[in-house]
Amino acid sequence: MKTSRLPTYFLSHGGGPWPYMTGGFRSNFDKLEQSLIEMRAELQDLPKAVLVVSGHWEERGFAVSSGSNPGMVYDYNGFPDYLYQIKYGAPGSPELARHVQDLLHSAGIDARPDPTRGFDHGTFSLMKPLYPNEDIPVVQLSLDAGYDPALHLKVGRALAPLREEGVLIIGSGLSYHNLSAIQGTAGHGPSRQFDAWLQETLIRSPSETRTERLVEWEKAPAARAAHPREDHLIPLMVAVGAAEDEPGAVTYHQKDFAGGLTASSFRFGDVPSAPQSKGGAQ
């Protein structure tokens, strides 16, 4: 059944500033890009703003980007000079940032504004193909550096009302993130094993079981081989917490990323329906 309540997403955001790249390496991201274009189509024109929980921003406690015109954070190394000049020009939203703070405070979770935080590549790498016109306000929420999955699920629950208000909640990370194993074949098996666990947990498990499995994610097959440091997994907890009792679905799945890695993205909740025109069907 379709609804006007927006779903939430956990999106694998690829590597570095890939939407702005040229050359052959860019083709590694063709399937991911297509999934984001399809995501934009299924959301239609319903999102009024986007809240991104990025695996590239962590603080002691939580912080919310509150500037009106965010700059850029070039948090990657070894790329050509032109990729340190790019700009994603979407506005911020001090109003949404305050609302996010209020919702978190109401749940007993402290959060502070950060008026200087710019868009990191966990945000702009997704926003560029999703909203290339750069006209939808984007606010970022940091992770807490303690990486407590239960706390981040609680954050998601606190933010769930945003979905009724046209705010699209995205957890931005990677379903597999072990940089030391990306070269060669060492990561192929662990990425498949952990992805299979994600599929079972997020799609086929009852909601109570899903939550329990996420809290204890380190027990998953190849868990630490897939995520030696869980910064790119924890955004998933916020996306699930905001749609905890709703079904999960795969929106992107690739078994041959960078030569043989398995990567996925997920949606939680039903695909929304667009508002009906006052004139009715034509």
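Where is the place of Leu168? Leu168 sits in strand β6, which spans residues 167-173. The model is a predicted one, and this report walks through several of its sites.

**Confidence**

Across the protein chain, pLDDT averages 94. At least 70 is the score of 96% of the residues. Residues 276-282 are another matter: pLDDT stays under 50 there. For that stretch the model has 0 contacts beyond four places in sequence. Where pLDDT is low, the predicted coordinates should not be read in detail.

Is Leu168 buried or exposed? Leu168 counts as buried because its relative accessible area is 0%, and the cut-off is under 20%. Leaving aside neighbours within four places in sequence, Leu168 is in contact with Leu6, Pro7, Tyr9, Met39, Leu43, Pro47, Ala49, Val50, Leu51 and Tyr131. Take Val50 from that list. Val50 and Leu168 are 118 residues apart in sequence. In space, their C-alpha atoms are 4.7 Å apart.

**Sites in loops**

Arg26 lies in the loop between β1 (8-12) and α1 (30-43). Gly189 is 163 residues from Arg26 in sequence, and 24 Å separate the two from C-alpha to C-alpha.

Gly61 belongs to the loop between β2 (49-59) and β3 (62-65). Beyond its neighbours within four places in sequence, Gly61 is in contact with Arg112, Ser142, Leu143 and Asp144. Asp102 is 41 residues from Gly61 along the chain, with 15 Å between the C-alpha atoms.

Tyr147 is in the loop between β5 and α4 (149-159). Its phi is near 60 degrees, a positive value in a residue other than glycine. Glu134 has a phi near 60 degrees too, again positive in a residue other than glycine. The loop that holds Glu134 runs between α3 (121-130) and β5 (138-144).

| Residue | Relative accessible area | Class |
|---|---|---|
| Leu168 | 0% | buried |
| Tyr147 | 8% | buried |
| Arg26 | 14% | buried |
| Gly61 | 23% | partly exposed |

**Helices α5 and α6**

Helix α5 covers residues 188-204, and helix α6 covers residues 207-215. Their axes come within 8 Å. They cross at roughly 140 degrees. Which residues of α5 and α6 make the contact? From α5 come Trp197, Glu200, Thr201 and Leu202. From α6 come Arg210, Arg213 and Leu214. By class, the contact has 3 nonpolar, 1 polar and 3 charged residues.

**The largest pocket**

How much space lies in the largest pocket? About 620 Å³. Its lining is made by 28 residues. Nearest the centre are Gly14, Gly15, Gly16, Leu179 and Ile182. The elements giving two or more residues to the lining are β7 (248-257) and β8 (261-268). Of the elements, β8 gives the most, with 3 residues. By class, the lining divides into 14 nonpolar, 13 polar and 1 charged.

Methods
Residues are numbered from 1 along each chain as its sequence is written. This is a predicted model: local features need pLDDT of at least 70, side-chain atom pairs count only at pLDDT 80 or more; totals for chains, interfaces and linings use all residues. Side-chain values use heavy atoms; hydrogens and water are left out. Axes are lines fitted to C-alpha atoms, for helices over the stretch in contact, and angles run from 0 to 180 degrees between N-to-C directions. Helices (H or I, at least four residues) and strands (E, at least two) are DSSP runs, numbered from the N terminus. Contact means heavy atoms within 4.5 Å. Ala, Val, Leu, Ile, Met, Phe, Trp, Tyr, Cys and Pro count as nonpolar, Asp, Glu, Lys and Arg as charged, and the others, Gly among them, as polar. Buried means under 20% relative accessible area, exposed over 50%, partly exposed in between (1.4 Å probe, protein chains only). On a 1 Å grid over the protein atoms alone, a cavity is a set of points where a 1.4 Å probe fits but cannot get out, and a pocket is an open set with protein on both sides within 12 Å along at least five of seven lines; lining residues have an atom within 4 Å of a point. Grid points are joined across faces, edges and corners, and a volume is the space filled by probe spheres set on the points. pLDDT is the predictor's confidence in each residue, from 0 to 100.
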